[in-house]
Amino acid sequence: MRIDQIALLPTYVAAATAVLALLADLVAPGRRGAVVGATAFGMVATAGTAIGVGLGLGDAGRRTAFCVGPDQCSLVADPAAAAVGAAFAILALGAVALSLPVLRTGEVPVGEYCFLLACSLTGAVVLGGARDLITLIVALETLTLPLYLLVGIRRGSAAGASAAVTFFVVSVVSTAVALLGAGLVYTATGGVHLADIARADLAVPELRPLLKVGMVLLLAGLAFKVAAVPAHAWAPATYDGAPLPVAAYLSTASKLGGVVALLLVGVLAGGPVLATSGLTLAVLAVLSMTVGNLVALRQRRMVRLLAWSSVAQAGYVLAPLGALLAARGRTTEAIALAVAATVAYTFFYVILEFSAFAAVVAVRGSGDGGELTDYRGLARRSPWLTAVLVIALTGLAGLPPGLAGLFAKVAVVRALLGGDAAWLAIIVALNAVIGLAYYLRVVATLFAAAEPAAAKPAATEPVAVEPAAVEPAATAGATPTAGAPATTTAPAAATAPVMAPATAPAPDTAPAMTPAVAPVGWPVAVAVGVAAVLAVLVGLAPQGVLELAAFFTP
């Protein structure tokens, strides 16, 4: 077995980042800046190493490791793996920057937090280059396992603990289904390398149904990572119970990892049963976009709305691969178009979703995402954060001012029409129209006038007093010694509930019900700014992302 150590260099750097975070916390206990700085440095080094190995070293930018044959390698370092590794490192770095408010409060232990995030990054880097089922599943679980702890890492948070348990239980079931499917695929083909599975010559006809069942189970288990229906129920509760930076990383990194795994299994290894892969992915896409959009219409909390939106977005991501169901969709040109559309849409989604979560963190600080009504009047309180949210939400909806979302949906429909799956393209278009309702509702809320505090009874007014009951109380209190000072400008504290209807503050001086924007540090501001700039850039030049997606075509 040949092992190229340079191909493993990004993995080594990512793992060393996790160790460095622990050592920094041990050497400088209580100094959050040192731990966060060391972790951020390691993540930048991971991104640079992945790009360097994938694009600049080896023959035509390709290196391999753990090979037992010419094309039977467990790990490949190529441009596609470089793009995946760099994307995960940037997402992890952004999550560290957004974590400043929650780390500042002491709710989260900084050493453990940075260590777990770096461990997740290590699995993600391996996932981009995985080329056999064992490496793929182990890498995917290494990406996911630290997230269970990160979701419930806040001290004394019952919501976080409940969300972590929900996430863990559903993940265990999905992993068991995926492992069962992988076992059936191995039984039918006799190989674990994706290349061996793709060119398997099933001489025994009885093995073909076994391979089909195994592929369906494997794809269904992996669909958990992208929060696709039916493995979607964990997402709303987990996102809402986790710290906001963890929810931002989970909603983007997990989605990207799941898409990479589904592409490797469904397309690269699905040779003998591409039609079965296409049918499975088409069903997952239709269910996900329909259920996600319909349930998102009823959401009243910001993070839960984004969670159900991510379920619907998973359907759009998987939709182009549904074209594999048709014979025309399994031609070389159609497969390349479907893969490019899926990868491009995933990158668009990751940028826009992270931008939305970054803006929510900047608004709410170390708190939770809050109700949608908490964002009323945000355009007046913080115009620039409103602009970021508007760009992200309208992009996810597929509307201007950015062209990223519109271009992504057009690319999906184009891939479906090119693969003779017009019926699926119609479903995508109809669901895109449904999605406009809740995205535009949130945007409208941002520009709505904030409700005055007088609209709700104050905490000092326990009961509402009828006008008829006010007069006797006022008469009883009008004694020569007790009432004189109170009748001039302001009532006494004891009579405040009685006098409230007559002395209510003017509307222009009433405080807003919505809280002010939480103060955040410069790392959060930088993360929001970079995410916004990337969202604008991909909106102005979306073709560049589609060209990047060409690296992933088989």
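Predicted model: local features only at pLDDT ≥ 70, side-chain atom pairs only at ≥ 80, totals over all residues.
Residues are numbered from 1 along each chain as its sequence is written, and side-chain values use heavy atoms, with hydrogens and water left out.

**Exercise 1.** Work out which parts of the chain the salt bridge between Glu141 and Lys225 ties together, and whether Glu141 is buried or exposed.

*Solution.* 
- Start with the contact: the closest N and O atoms of Glu141 and Lys225 are 3.2 Å apart. A salt bridge needs a side-chain nitrogen of Lys or Arg within 4 Å of a carboxyl oxygen of Asp or Glu.
- Helices here are DSSP runs (H or I, at least four residues), numbered from the N terminus.
- Now check the cover: Glu141 has a relative accessible area of 15%, so Glu141 is buried. Lys225, at 4%, counts as buried too. Buried means under 20% relative accessible area, with a 1.4 Å probe and protein chains only.

**Exercise 2.** Find how many residues of helix H13 are buried, and compare its reach with the expected span.

*Solution.* 
- Count the cover: 16 of the 17 residues of H13 are buried.
- Then take the reach: H13 (residues 302–318) runs 25 Å from first C-alpha to last, close to the expected 24 Å. That expected span is 1.5 Å times one less than the number of residues.

Key. Helix = DSSP H or I, 4+ residues; strand = E, 2+ residues; numbered from the N terminus. Buried < 20%, exposed > 50% of the residue type's maximum accessible area, 1.4 Å probe, protein only.
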